[in-house]
Amino acid sequence: MSLHAAAPAPVTPTHCPYCSLQCGMGLRVADGADGGLDVVARDFPVNRGALCGKGSTAPALLARALRLTRPLVRRAHGGLEPADWDEALALVAERLGSVRREHGADAVGVFGGGGLTNEKAYALGKFARTVLGTSQIDYNGRFCMSSAAAAHQRAFGLDRGLPFPLADVARTGCVILAGSNLAETMPPALRHLRELRANGGRLIVVDPRRTRTAEEADLHLAPRPGTDLALALGLLHLAVARGHADEAFIRERTTGWEAARAAVMAHWPELVERITGVPVPQLRAAVEMFCGAPDGMVLTARGSEQHASGTDTVGAWINFCLATGRAGRPLSGYGCLTGQGNGQGGREHGQKADQLPGYRKLTDPAARAHVAGVWGVDADALPGPGRSAYELLDALGGEVRALLVMGSNPVVSAPRAAHVESRIRALDFLVVADVVRSETAELADVVLPVTQWAEETGTLTNLEGRVLLRRAAVPPPAGVRSDLAVLNSLAERLGCEATAKKFPVDPEEVFAELRLASAGGAADYSGISYARIEAEDGVFWPCPAEGHPGTPRLFLDRFATADGRARFVEVGHRAPQEETDAEYPVVLTTGRVLAQYQSGAQTRRVPALDAAAPGPYVELHPRLAARIGVAEGEAVTVVSRRGRATAPARVSAAIRSDTVFMPFHWPGEGRANNVTNPVLDPVSKMPGFKACAVRVERAAPDG
């Protein structure tokens with residue numbers, strides 16, 4: 001008799017739960033009694049089998065000990081205690097209903113997240129507008145990609161993070177990467193930049209710090225935080241002055257050049273050097289490197305975008321691409337490196353304050369009529385646009401009396417975080433649906449435990465505009481429900497008729513309705529199905545019919561404007577809203593580190609990631625450290641007009657001497673967003689996270 005080894009467990013093809021790359025991976029039930037999951041390499045176009053430490057350790061968060069498995073209700077003594085689902089849902093419905101009756105529909109707010117699947121984001125927006133009847137819904141993606149999205153819309157008539165597949169980056173001639181440290185924030189993408197250089201292309205990195213990404217560059221430009229707009233204008237000035245404007249492209253495919261050109265010519269190189277701190281020879285070198293290549297791309301991320309001038313900054317980079325003919329043709333263009341896992345899809349299907357599914361405008365009567373028809377409601381009953389994310393958080397405890405939070409942790413991630421926390425505490429009622437007991441959940445009256453990535457099926461849209469299918473590999477623990485099931489139950493308890501039909505719990509049913517709602521919109525998913533996604537490794541939107549191939553590359557024939565031409569936007573440099581002075585002489589900028597993600601609510605609970613990045617720090621130049629008398633590892637306090645944060649010093653010559661850096665993943669005394677500035681971009685409503693005036697001092701002996 002021969003003995004045969006047991007067949008290996010089947011592999012579920014799926015995607016990482018973290019950033020917008022949405023790296024492909026496989027999951028297989030591990031050998032052993034604990035029934036955990038092993039990560040298996042999967043050859044997917046974005047990452048080609050590679051994963052960062054976050055992706056490779058993602059199954060650790062499935063452990064029961066790290067996550068919520070029962071609803072929690074705040075009792076009379078003030079503490080959160082376990083409850084059953086019926087009690088928790090009944091309490092949520094009763095309290096949300098009573099606030100609506102007493103104070104009006106807009107007294108109830110909804111705050112979503114860029115990590116929610118397309119199905120969840122769609123259902124959440126529908127729930128807010130048809131069940132709660134509130135206009136007060138926005139999401140944490142407002143803090144991420146909103147400035148780039150607004151600039152995309154102004155220039156191209158359409159917002160998709162990358163208008164081309166990520167693989168095209170390796171084949172272009174030159175890339176300007178502005179405000180991204182992707183070697184730490186999305187490491188598998190670094191291979192595309194390395195392949196670019198191996199193919200003879202050039203890389204220019206714009207960052208006030210000499211990051212791991214900047215180390216890969218042919219040229220590193222280190223502007224003062226908050227001056228990227230002037231930098232982009234200065235580069236375009238030089239390109240025009242040195243004869244690099246593509247007059248034929250400008251004439252045939254754009255409008256608005258004369259006004260934009262006049263504005264640009266006011267930003268001569270020496271002025272730009274004084275504003276940014278980037279020497280004129282480096283400015284000239286960057287222009288010659290970019291314009292000397294046969295094609296080129298500008299890619300931006302939060303470092304360029306998270307400013308009160310973020311939309312204009314991205315607009316200036318787009319102007320640079322348009323003027324040099326690096327747009328609307330193969331291997332060229334402007335792109336935004338979207339941050340959150342579904343940061344792209346999350347801003348397309350209705351959880352933004354001003355938006356309906358398919359990237360439709362809430363103020364457009366035709367859009368309202370179309371979506372209302374899909375939802376079976378009167379278009380006139382749909383509320384109008386509401387407050388943007390920070391404005392909504394700032395209104396809590398005042399005009400907004402109750403809040404439903406799904407997939408977000410604003411106590412850590414919002415600007416002026418101590419103030420936001422105080423507004424959350426002032427609410428009459430807070431309900432949080434989350435995987436873990438986050439800092440925001442700790443303040444809730446009811447906490448609902450929901451499924452996470454490996455326990456649920458749903459679609460996401462990555463930074464390329466590729467719609468992907470994340471598949472369930474294991475069932476959730478007993479006591480945990482999906483967000484779709486939560487919305488279904490709440491809709492029923494709040495009096496929604498035919499709830500099972502209007503708020504199905506099967507994600508494929510929800511996606512089928514999303515397809516109908518998006519049909520004819522800018523982000524048209526009507527030709528995409530789960531079956532197509534599986535068969536094709538994802539489908540690029542727009543895809544307006546089942547026989548349509550999808551659209552990997554946008555704008556090759558025309559832009560998405562009424563006349564098919566890209567629009568130059570007249571922009572000029574303006575000083576940061578908060579400049580340094582004698583009391584606050586240094587600029588703080590914030591960002592992410594390799595082993596943590598966003599507010600850290602999940603990654604801080606993974607032992608391997610916590611060991612790699614156990615806490616916050618303040619990176620400062622040796623000259624600044626010497627001036628305030630601190631050494632490596634000693635506690636320093638960063639103080640702004642809004643608050644303070646204290647963390648160990650990390651002394652490094654890789655940062656400008658007039659700048660300090662803090663990662664924003666931690667709560668407590670090291671919460672970087674205690675300090676950041678909530679001043680908003682007038683177009684995108686993006687807060688000015690990336691530059692605020694501070695002073696840095698030795699921490700008091702008591703911390």
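Visitor: Helices (H or I, at least four residues) and strands (E, at least two) are DSSP runs, numbered from the N terminus. With that settled, where does Tyr359 sit?
Guide: In the loop between strand 14 (355-356) and strand 15 (360-361). This is a predicted model: local features need pLDDT of at least 70, side-chain atom pairs count only at pLDDT 80 or more, and totals for chains, interfaces and linings use all residues. Residues are numbered from 1 along each chain as its sequence is written, and side-chain values use heavy atoms, with hydrogens and water left out.

Visitor: Buried or exposed?
Guide: Tyr359 is buried, at 11% relative accessible area. Buried means under 20%, exposed over 50%, partly exposed in between (1.4 Å probe, protein chains only).

Visitor: And Asp537, where is that?
Guide: In the loop between helix 21 (530-536) and strand 21. Asp537 also has a positive phi, about 60 degrees, without being a glycine. It is partly exposed, at 28%.

Visitor: Which peptide bond is cis?
Guide: Trp541 to Pro542, with omega near 0 degrees. Pro542 is in the loop between strand 21 (539-540) and strand 22 (566-567).

Visitor: New topic. What's the strand order in the five-strand sheet?
Guide: 10-9-8-12-13, open, with parallel pairing. Two strands pair if DSSP finds at least two bridges between them.

Visitor: Which strands are at the edges?
Guide: Strand 10 (219-221) and strand 13 (333-336); each pairs on one side only. Three bridges join strand 10 to strand 9 (residues 202-206). There, Val206 stands opposite Leu221.

Visitor: Now helix 7. Why call it largely enclosed?
Guide: Because 13 of its 14 residues are buried. Helix 7 covers residues 228-241 and reaches 20 Å from first C-alpha to last, close to the 20 Å expected. The expected span is 1.5 Å times one less than the number of residues.

Visitor: What follows helix 7?
Guide: Gly243, with a positive phi near 80 degrees.

Visitor: How do helix 4 and helix 13 cross?
Guide: At roughly 45 degrees, with the axes of helix 4 (residues 146-156) and helix 13 (residues 310-323) coming within 8 Å. Axes are lines fitted to C-alpha atoms, for helices over the stretch in contact, and angles run from 0 to 180 degrees between N-to-C directions.

Visitor: Which residues make the contact?
Guide: Among them are His152 and Phe156 of helix 4, and Val314 and Ile318 of helix 13. Contact means heavy atoms within 4.5 Å.
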